[in-house]
Each structure stands twice: as C-alpha cells, then as structure tokens.
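Open the model in your viewer and keep the selection tool ready. The tour goes from stop to stop, with what to select and what is there.

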Amino acid sequence: MSFIEAKEVYYRYPQAEKDALCGVDLTVEKGEYVAVIGHNGSGKSTLARLLNGLLQPTKGEIFVDGISAADKKTLFELRKRVGVVFQNPDNQLVASIVEDDVAFGPENIGVPRKEIGERIDFALSAVGMQEYRKSMASRLSGGQKQRVAIAGVLAIRPEVLILDESTAMLDPRGRREVTDVVKKLNRENGMTVLAVTHYMDEVCEADRVLVLSDGKIVMSGTPAEIFSREEELEKYELDVPVPARIAAMLRAGGMEIGRIYTKEELGDELCRLLPKI
Amino acid sequence: MKDVAFGQYYPARSFVHRMDPRFKIVLSIAYIVAVFLVREFHFLGFAAAFAFIVIATAVSRVPFFKVLKSVKGILFFVIFSSVLQVLFNREGTVLAEWWVIVITDVGLLRAAFITLRIMLVVMGTAILTLTTTPVEIADGLESLLTPLKWIKFPVHEFALIMSIALRFIPTLMDETERIINAQKARGADFESGNLFKRIRALIPILIPLLVSSFRRADELGDAMDARCYSGAKGRTKYKKMRPTYRDFIALALMAGLIAGIVLLNGVLGVPV
Ligand SMILES: Nc1ncnc2c1ncn2[C@@H]1O[C@H](COP(=O)(O)OP(=O)(O)O)[C@@H](O)[C@H]1O
Ligand SMILES: [Mg+2]
C-alpha cells in the first residue's frame, strides 16, 4: 500500500449542487514531492482538507499511512501525520510569540514539557527562524510568518506536509524563502510534500505534477511531461512557463528541441542546437 | 499604528517578566483596588501608587514611555469626563461663571482626581500586558479560575479566547488602517460633518472589518483543528508556572502600598 492512497473519492459540500471532487484516485509514495495545480475552484483545497480530515469524503476511501481519513474516530492520529499550512499567514498563528505558537501543536498532542522545548528548537531551525524564537509574530514579514506556520506544523512531527497555496499571499522574496525551506525539508529530511500552487517555478521543483480540473485529476506526470503538453494545459486554464513556451514555438518551427521548462535547460538546448542551424 | 495598541507585550528578560503570571494578575487587581482605595483628594496616595509604577517599570526593563503611551488609548475618555466635571460640577466655591457653566474649586479638584485615577489604573494594567505574553496571561487565568470548573464554567476555552483576542489586536489594527485608507482613496470623508455624520462614515469601515473577522475566525478554526487541537483534555503546557522569590517580593511591596494608602487616608483625615 502506498503512503497516501485515495480511491474513487467524491466530495460534495452541504447544499452544493455539484461535486467539488468527483472520483479522484491518488497515490503518493513516502518522500515524494507532488505539486497540485488547477484553475480556481478545481478542488485543490477540498483535496487538501480531505487528506487532513477537515472534511470526510462523501464516497470513496482515503488512507494515509494506513489510517483511514474517512473515519472520524482516527482523526487525531491522522492529523498527527498530516500537517497543513494554509494560505493566509495571519490566520493560522494562534499565539503572539513565535515559540508559543510553535508549542501549540505539541501541547495539543500531549508532548511532555521538556520535549516540547526540543521540538521548538528542531522546528525553528528547520525553517531558519531560531533567532526569532521570542519575537512577536505580528512584527515578522509575510515569508517569516509563513515559515513560523510551517515550524508550528513540523513540531507535531508529521509524515507529510500539505501546503495549500501557502505562498500565494507572499511577495517574491517571501515566496522564495518558503519554497527553499520546503525543498530542503523534502531533500534533506525526506519529508513527503504535497504542494498546491499557482506558481510554475514551484511546480518545477516537484517530482510529479497533478492537474485538477472540475474535481478530477486530468493530467499527471513529471514537470517536463506536463509542460510539454501545452495545448492541454491551456484547455485547463493553466500557464506554461516561458522557457517551455519558447521551446514549444521552436519545435513548431521545426527545431528538434527537447522537453524543457527551466531557463538553464533552454540555454543548454539552444547551445547544443546552435551548430546545427 | 500597531504601537498604539495598549500594552502590547515587550519582549525582555527581567524581574517582572519572569514573575509567575498568576501573581502578576492578582497583584494587578490588588493594585487597582489600591488606587480606588485612595480617598477623595488625597493626592499623596496617588503619589505612592505612581511611585510603585515607576519602580515596577524600572525593574521590568520596559521603557517608561511605553507605559505612559498606554494612556493614549483612553485619552479621549479622560478629557471628556474631566471637561464635564470642570464645567458642570457646582459644589464648592465658585471661581468663574458664564451662562450655564460654573467652574468651582471642587470641580477642578475632582476632574484632576478622576483623571489621575484612570491614568494610574491604565498604566498599572499596561505593566501586566507589557511584561506578560498573552499565552502566559491565559495560562494564569486558567489556573486562577480553576475553581469555576465546579460550576461547569469553560475555564480553558475562556482563557484561550482571551489569548487569541490579544493575539489578533495588531492584526485587526493593521486591517482597520488598510480599510480606512481604501475608503479614503474612494473619497470617503471621516473628518468633517457633525457627530452623526462621522459615526455614519464609520459603517463602511466596520462592515468589512466584521466580515473579514468572520473569515479569519473560520480559517483560524481550521488551522487549529489541523494542528490537532481538541480541547483541554490530554493537553500539556510548555510554559510552567511556579512562584519564586520575585513574586513574594512583589507581594510584599504591594502590601506596603496598600498599607501606605490606608494610612494616608487615616492620617490626613480631612481633604487637603
Ligand atoms: N464551503 C463551501 N461550500 C460550498 N461549496 C464550496 C465550499 N468551498 C468550496 N466550494 C466549491 O467547491 C469547489 C472546489 O473548491 P476548492 O477546493 O476550494 O477549489 P480550489 O482550492 O481549487 O480553488 C468550487 O466549485 C467551490 O465553489
Ligand atoms: Mg484553494
């Protein structure tokens, strides 16, 4: 069994006329970095909420680490394993002081006092915020607040980190801070990451990309595979990174350029092809 | 704008910061009682209370202007009530008279007395909030109110609500400022017109603020759920509370202040 396994998941909000998710199948292995993209209202947040037990599926099954997310009795165990960071940094910090906020999760799961201190150390250094331990959260920048929010989740020691557009409200610098932290957690600590995002540079960091549209997973593959299917992406109202678009145009013009999506790769490919022109 | 918020926590490691929050809460209440014990026009009693504040501020390493600034928030209220006293109090000897306005010596004294009393109370409580984090205040309250659990009062929830309210003060202040600027940019006018017009001009500020507060509450609730919050049961606390010698020194000082005020009340039997 995979680490996260969703089978034929349906979800409809109470009083809604149509399903927010209709028949989603999903498997994520331990240590994977999965990006989820899709137009507004495609069901990305609904999926994130189902995985953490904030919602229970109307139909279908979800298992995380063998624990059913459809069962309210195991909710607590599920939430210990699945940490979620939301969009607005101001609305997810509970306490005024950084260390108090990071302590909130461990306190909730009944960690002994001494170990809470150690977990705060660990979590704050994982996001590079140790020197702000005693600071007022309200005085931090957006990127710093969001890193504290990640630390607050890490202190629970989850197995998987879900980010629901956690960079959407940040300036480019804050976004880079958060993306770097998440990348590091995935590469160095082996954290399983499921990141919902609109930013293509973040998508490029992922091992695998899922495209959601109207509550269904319509595309799935590596970033290179996904970005080379430009027409399809446009159909789902999604952007293609500029280097990939240039490559597609060159390909249409008859050049044998590979599947690329970063500036560096585009440069390399052009240099490789230059002698042949 | 953030700094206006009365007595926002001032991070430091001082005598007062390290006191047991329960003692700080009880001593703050004792202090308020002490200020109200001062008999009318015994300004020496206020001097004693002020001296207490100066000492407390000095050992808390909080800049004194932060304590003074806490009065800013209630300035309007203070001025309003003292103007009323000065203009309409008719006791004592008349110093000046014009139309319905009578200025008397008692009126002036009472205005000064009320003003000082309010300011001393606010400055005293500001020392509590400047040196105690919202979480500490909540933990302290929760512990002090434990007996109320007997009558099924939700003590833990009450304390948590308090600390979240304090946590959101700066956030909501920022937001208010943003909304005011947005409305001004649309041509809203908050500075002219009569009182009624000005109050009406506040509606376009209050409604968006209210709507966004509900959204914030909703999101915060989800974030708390996602972080495994499930009430007081099985919950541990990171901050431990234990009274130390500091708390007993402060207690002795407070006893001294109250004794001093009572003594002054008795010795100076007649108002100065
Ligand atoms: N609380 C709700 N009640 C009813 N419908 C909702 C609610 N939240 C979301 N929806 C609907 O569910 C669908 C999926 O929403 P969501 O998962 O938030 O999308 P995304 O995060 O991809 O923008 C949308 O059509 C949205 O209108
Ligand atoms: Mg969403």
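Select ligand 1 and Thr46(A): an N or O atom in the side chain of Thr46(A) is 2.4 Å from an oxygen atom of the ligand. Such a polar contact is a pair of N or O atoms within 3.5 Å; within protein, one must be able to donate a hydrogen and the other to accept it, and residues adjacent in sequence count only if both atoms are side-chain atoms. Taken alone, ligand 1 exposes 560 Å², and the protein buries 59% of that (areas by the Shrake-Rupley method with a 1.4 Å probe; for residues, only the protein chains shown count as cover).

This is a predicted model, in which local features need pLDDT of at least 70 and side-chain atom pairs count only at pLDDT 80 or more, while totals for chains, interfaces and linings use all residues. Residues are numbered from 1 along each chain as its sequence is written, chains are lettered from A and ligands numbered from 1 in the order in which they are written, and side-chain values use heavy atoms, with hydrogens and water left out.

Next, select Val34(A), in strand 3 (residues 33-38) of chain A; helices (H or I, at least four residues) and strands (E, at least two) are DSSP runs, numbered from the N terminus. Is Val34(A) buried or exposed? Val34(A) is buried, at a relative accessible area of 0% (buried means under 20%, exposed over 50%, partly exposed in between; 1.4 Å probe, protein chains only). Its contacts (heavy atoms within 4.5 Å), not counting residues up to four places away in sequence, include Val28(A), Val193(A) and Leu210(A). Show the C-alpha atoms of Val34(A) and Val209(A): they are 5.7 Å apart, though 175 residues separate them along the chain.

Move to helix 6 (residues 172-189) of chain A. Its buried residues, among them Val178(A), Val182(A) and Leu185(A), pack against elements including strand 3, helix 4 (113-126) and helix 5 (142-154) of chain A. After the helix comes Gly190(A), with a positive phi near 65°.

Last, select Asn88(A), in the loop between strand 6 (82-85) and helix 3 (98-108) of chain A. Asn88(A) counts as buried, at 9% relative accessibility. Its side chain reaches the backbone nitrogen of Asp90(A) at 2.9 Å. Leaving aside neighbours within four places in sequence, Asn88(A) is in contact with Met169(A), Arg216(B) and Glu219(B).

Notes: The expected span of a helix is 1.5 Å times one less than its number of residues.
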